[in-house]
2 protein chains.
Amino acid sequence: MSGLDADDRALLERRRKVLGGAYRLFYDQPLHPQRGEGVWLYDRHDRAYLDAYNNVACLGHCHPHVVAAISRQAARLNTHTRYLDETILDCAERLLATLPPPLAQVIFTCTGSEANDLAYRIACQYTGAQGLIVTRMAYHGVTQALAQASPSLGAQVPLGTHVRTVELPDACDRDALTPAQRFAAQVQRAVNELAAAGIRPAALLLDSVFASDGIVTDPAGFIAPAVEVIHRAGGLFIADEVQAGLARLGEPFWGFVRHRVSPDIVTLGKPFGNGHPVAAVVARRECMEAFGQASRYFNTFGGNPVSCAAALAVLEVIEREGIPKRVEEVGEYLRRGLGQLAALHPEIGQVRGAGLFIAVAFASNAERSAAAIARAVVEGMRERGVLLSLTGAGGDVLKIRPPLVFERQHADILVERLDQTLAALRAGPPPMT
Amino acid sequence: MSGLDADDRALLERRRKVLGGAYRLFYDQPLHPQRGEGVWLYDRHDRAYLDAYNNVACLGHCHPHVVAAISRQAARLNTHTRYLDETILDCAERLLATLPPPLAQVIFTCTGSEANDLAYRIACQYTGAQGLIVTRMAYHGVTQALAQASPSLGAQVPLGTHVRTVELPDACDRDALTPAQRFAAQVQRAVNELAAAGIRPAALLLDSVFASDGIVTDPAGFIAPAVEVIHRAGGLFIADEVQAGLARLGEPFWGFVRHRVSPDIVTLGKPFGNGHPVAAVVARRECMEAFGQASRYFNTFGGNPVSCAAALAVLEVIEREGIPKRVEEVGEYLRRGLGQLAALHPEIGQVRGAGLFIAVAFASNAERSAAAIARAVVEGMRERGVLLSLTGAGGDVLKIRPPLVFERQHADILVERLDQTLAALRAGPPPMT
């Protein structure tokens, strides 16, 4: 980090001192943004960075409609849900209007972790069971219950004894089955393993875009038979839409819609407040009622008027600005551009994704492993002013997840800089070993 | 709820339809506030209600300094902790300056639930143990791990098999022991019970003001020997300061300081952002380092610049306006006024508390149980424009927990209306049975 100036080195030292060791920074040269606007972050020297990674600021950084909604409501009233208030109802109704009717009731939380944790509690209450099935590199949140069901946190965070993992179809042995059949067979195996341990399944919990498994979107519909398996076994299907939802994948609006399945519970978070901490659980009425009869749920900040004003503003802008259609178009344009790069650079193994959730999987070459190429690309792109990160079990997949207001001109910049970065990587000195 | 107007009845119907059954409202006639300012909430008819319950809006509703900080930062930059930023460091350092030095590192979360859940994860990681000891009516949060350790949620939310509860000294059999010795003996018994089940204790988790146990503040220092017991047993002491902390109890600033004990981990939440969702875990460096070596912790919204700007503004105002001393003075004044009422109204059994966290425990009379009196008082005070609620195992304790900017004139209003309410209760028709 020798390239850092004295001010940033001082910040690093302060971080080391007062923040826990669990805090990690991106990049060899950490970024120190000063302001954000649209798809851009600006550093102290007013250098612009194209944000192609931040799925939270879905409408772009500091979207004026959301900022105004937050400022207005914070100055007028911010209190809890034990009083009557219109804002939470306006927000809940607008959210439900984007979802198929069986999903009828909303509980607001502050984070996607709280939403997934609550979804699991609801599933346990409704089914009277405890077992939980997730994918092999799943990430669902940071609470204790979710960390136990998030194998991507690493072996030092052991899985719960009630948790079983399944492989995605592309990671299974090749056989005569379709990907959908292969995935269903995995879930059936997990159900059987739980049963052998005397555990009934409460839920199959799937990130609809499998972000931490490396972003696996196709073939659309491949999860449908697996949902039938969990239902037959008496468990619920929870669609974790914290990353996939809210038009990230384009016109389907929700990841599970693209897969043509019907979840019992849906969770959402990250983009819901364009940065403001707001998230939610939506469920079938009978699930919510079973939970509500057994327990009150009071989340001090959840559903407060300011958070709901932020989320409502986000839903308004998504509709008013025709975001789903734009995401569909620009996403396809970007994937096409990346696909063309693949013809020029053998380091690109595969381009996949949907809407503006896109993966570039790298392939090893004679000099570097796929993971080493991926790491070098992320650093090289940062040097060239484009912010990205990695995913996948091997850390060899470029995760492209820009604000939804990304335009063709921004896609052009990303493709052009990736072209330059890969070319420079090949032309540069071989890696030190 | 027949006194509700058509608009509010429509809101109730919308709530029933789209929010889960887990949502509950206060009061027979739910309140529908339109705006908040200082210690006041205003309804649609601009009727003012004295907020003597909301510990979240600690500086008063819509405090302009906090609103300005949120609005300014939300318009400039809101991103995550994987980039460098000053605001999180300014906030962490200012927070640490209020705490004794062994508490050296901060992780930001969005809610008190997330903070307590993380504190438990840190304790488990550091001790390699799982056992958790809480009080008999404890409430520590809504995540699955915390609901399992929050007996106040009721019998339908079963405690974890690794959880044991202890009685507070005033609920134990009278014996020759001091309250401190009695409480320590309870914790030792819980440690022994865990040991008998083959479980080592990870932590003793105490709300420093025992809010859901009925607000138990005295004698100051009574928890100290119990902390020694948990330490000898290899467990950590976690001070849950979500309700007691941040000058709520006056000049001690933190509830554990009043008890002259040294926690390994401290959690805070509710008042930290004056309504904005921000919370934190503070711990000894070695606890944080052990956790950070085993796991990263990334909370998407936790520690974002807007949340940290809100919390920093709260810390600034608390210091600048001399809040701890004011709380000390006004709290004592209010308790004195309530004590004088006790001489007039035999329904008042005991007035207790510290700073602006005050309990009025009711006593049954010939016509009504203590709980029935308590419920009638809450409704009667709401009719008279004062907002309060209840606590304690029997629901017979009035919970008084106003914004910290409460003044003598507001204390006078509260005492006067409570006097009227109790007088009207005695003069009114006997309760229907």
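Residues are numbered from 1 along each chain as its sequence is written, and chains are lettered from A in the order in which they are written. Because this is a predicted model, local features need pLDDT of at least 70 and side-chain atom pairs count only at pLDDT 80 or more, while totals for chains, interfaces and linings use all residues; side-chain values use heavy atoms, with hydrogens and water left out.

**View 1. Two copies related by a two-fold axis.**
Start with how the chains are arranged. A rotation of 180° with 0.0 Å of shift along its axis places chain A on chain B, with an RMSD of 0.0 Å. This is the relation of a two-fold axis. The copies are superposed by least squares on the C-alpha atoms of residues with pLDDT of at least 70 in both. To find the axis from chain A, look for Ser71(A): its C-alpha is the nearest one in that chain, 2.6 Å away.

**View 2. The interface between chain A and chain B.**
Here 98 residues of chain A are in contact with 98 residues of chain B, where contact means heavy atoms within 4.5 Å. The copies meet through the same surface, because 100% of the interface residues of chain A are also interface residues in chain B. About 8700 Å² is buried between the two chains, and carbon and sulfur atoms give 57% of that. Buried area is the accessible area (1.4 Å probe) that two parts lose on being put together, summed over both. Which three residues supply more than any other three of the area that chain A buries against chain B? They are Tyr83(A), Leu84(A) and Phe301(A), which supply 10% of it.

**View 3. The largest nonpolar core.**
In soluble globular proteins, nonpolar side chains tend to be buried together. The largest nonpolar core of this model has 286 residues. Such a core is a set of buried Ala, Val, Leu, Ile, Met, Phe, Trp, Tyr and Cys residues joined through side-chain atoms within 4.5 Å. Among those with the most contacts inside it are Phe108(A), Phe272(A) and Leu414(A), as well as Phe108(B), Phe272(B) and Leu414(B). Helix 10 (residues 305-320) of chain A gives the most to this core, with eleven residues. Helices (H or I, at least four residues) and strands (E, at least two) are DSSP runs, numbered from the N terminus.

**View 4**
Four strands of chain A form an open sheet in the order 11-12-15-14, with antiparallel pairing. Two strands pair if DSSP finds at least two bridges between them. At the edges are strand 11 (348-354) and strand 14 (389-391), each pairing on one side only. Neighbouring strands are turned by 30° against each other on average, direction ignored. Strands 14 and 15 of chain A are joined by three bridges, and Ser389(A) has Lys399(A) as its bridge partner. Helix 11 (residues 323-344) lies across strands 11, 12 and 15 of chain A, running at about 170° to strand 11. Axes are lines fitted to C-alpha atoms, for helices over the stretch in contact, and angles run from 0 to 180 degrees between N-to-C directions.

**View 5. Strand 12 of chain B, covered on both faces.**
Six of the six residues of strand 12 (residues 357-362) of chain B are buried, so this strand is largely enclosed by the rest of the structure. Buried means under 20% relative accessible area, exposed over 50%, and partly exposed in between (1.4 Å probe, protein chains only). Phe357(B), Ala359(B) and Ala361(B) lie on one side, with Ile358(B), Val360(B) and Phe362(B) on the other. Six bridges join strand 12 to strand 11 of chain B in the antiparallel sense, and Gly353(B) stands opposite Ile358(B). In the hairpin of these strands, Gly355(B) takes a positive phi near 55°. Strand 12 also pairs with strand 15 of chain B over four bridges, where Ala359(B) is partnered by Lys399(B).

**View 6. Ser208(B) in its loop.**
Is Ser208(B) buried or exposed? At 3% relative accessibility, Ser208(B) counts as buried. Ser208(B) sits in the loop between strand 7 (201-207) and helix 7 (224-232) of chain B. Beyond its neighbours within four places in sequence, its contacts include Ala239(B), Asp240(B), Phe256(B) and His259(B).
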